Amino acid sequence: MPNRLAIVISALTTVLALSPVLGAQTGTSQTKQEKWNNVPPPESAYAGKKSGPAPRRDLSGIWDGTAPGGKGINGAKEYPAVLPGGKGIDGGQPDERNIVHPLPYTALGEAALKANHPSGPGVRTVPSALSNDPLDSCDPIGFPQMELYELDTIEIIQTANQVVYLNGFYGNYRTIWTDGRELPKDPEPRWNGYSVGKWVDDYTFVVQTIGMNEKTWLDHAGRPHSDALRVEERFHRVDHDHMELTVIIDDPKMYAQPWVAVNKYPLQLLQPDFDIPELLCSPSAMADYNKQVASTLAKPKPPKN
Amino acid sequence: MGKTLAVSLLTIGLLTFSIPLFAHHGAASYDVSKTIVLKGIVTDYVWSNPHVFVKVDVKDDSGNLQHWLIEAQNPRSQTNAGWSKNTFKPGDEVAVDAVAAKNGEPIGRFTGRIVINGQVFKP
């Protein structure tokens, strides 16, 4: 009897020891065992699910932006910094010639692009220790980069006079005023700009943002913007569980014409008890990574003996 | 490579990982044309931004130790991939598929199969 008991205890201990590894993948709160640090469900979990009608003038909720197709490509989603066929993601080019969908850079825009050295996958990527990406020293991600890079899990809270946008990646928030105020004239620039929004119908919310400082990149591929940038977002509540986001960039100093950076990007509503895992940028953790890893990776290959 | 390591080299002509896994940092520093298998004992596991990483002592055929560091993505991406801060512990015996640094430094990046204490890690 003691031997059998020992076997049972040891089997249970093994199962319990492995459970953090085996049980780590969780889904929506309908299926998950954990209340904290939730993981968006796989794409298949959404298939065939019928949704109720869209509520009127309501964007509130916790939204899954890890939908198919967009998360992994660096660069504004309609203009990924890749060659046709998705090639070229390991860098090697000083510019963006031949990318699948080229941007209409002005001469100033082209020069500003070349001054940025991105570390994310793309035609111009460099090893992270050689990158001058402000995010690598934990500068604020800014707007609209928070929608053109890592549009992951976001939360939107609506009050009587505001729509508040909370971005899970690097923990930013923006306030969009809905009280009818005008955009400010010649404001002091901000990392996230100044935003006003209004409903153009019961299901479409349009936001204008100006006054973004020039310290941020537009996206993770190092696209530039100037202080002349104006961004329009269109949030379209399709039905109860779905929303589509469109982002339009208008920066006449850097780009010869406005362009659509994100086009009807699908956002899926998550359960209201979804706990977004925290990911904040820590300068000390970045410095530690650079010291332990990035600087070693960037060393030149030693000559053969 | 100088010394022979306790690794097996699998030459693979195409990318063995999918783009979304490497959304943050590109693979400019790694030789992505070859997957190697690193076998050894975990000495450290760091669950931190920008990259979760594992340090593994790998013995080569002569019994010499190489101190490898194998990186993944940030904690949230890794949570989404089924990892947690408890996935590895110092003392664990691991066999890990990785791509290695182009400059020959003992730094790699996870590319897929992970075996921990004889069990294939399936999130």
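Colleague: How many bridges join strand 7 of chain A to strand 8 of chain A?
Modeller: This is a predicted model, where local features need pLDDT of at least 70 and side-chain atom pairs count only at pLDDT 80 or more, while totals for chains, interfaces and linings use all residues. Residues are numbered from 1 along each chain as its sequence is written, and chains are lettered from A and ligands numbered from 1 in the order in which they are written. Strands (E, at least two residues) and helices (H or I, at least four) are DSSP runs numbered from the N terminus, and two strands pair if DSSP finds at least two bridges between them. Strand 7 and strand 8 (residues 242-250) of chain A run antiparallel, and the bridges joining them number 9.

Colleague: Which residue is the bridge partner of A:Asp239?
Modeller: A hairpin links strand 7 of chain A to strand 8 of chain A through 2 residues. In strand 8 of chain A, the partner of A:Asp239 is A:His242.

Colleague: Which element gives the largest share of the side of chain A that touches chain B?
Modeller: Counting contacts as C-beta atoms, placed from the backbone, within 7 Å, 39 residues of chain A are in contact with 37 residues of chain B. Two elements of chain A give two or more residues to that side: helix 1 (2-22) and helix 4 (283-297). The largest share, 7 residues, comes from helix 4 of chain A.

How values were computed
Contact = placed C-beta atoms within 7 Å.
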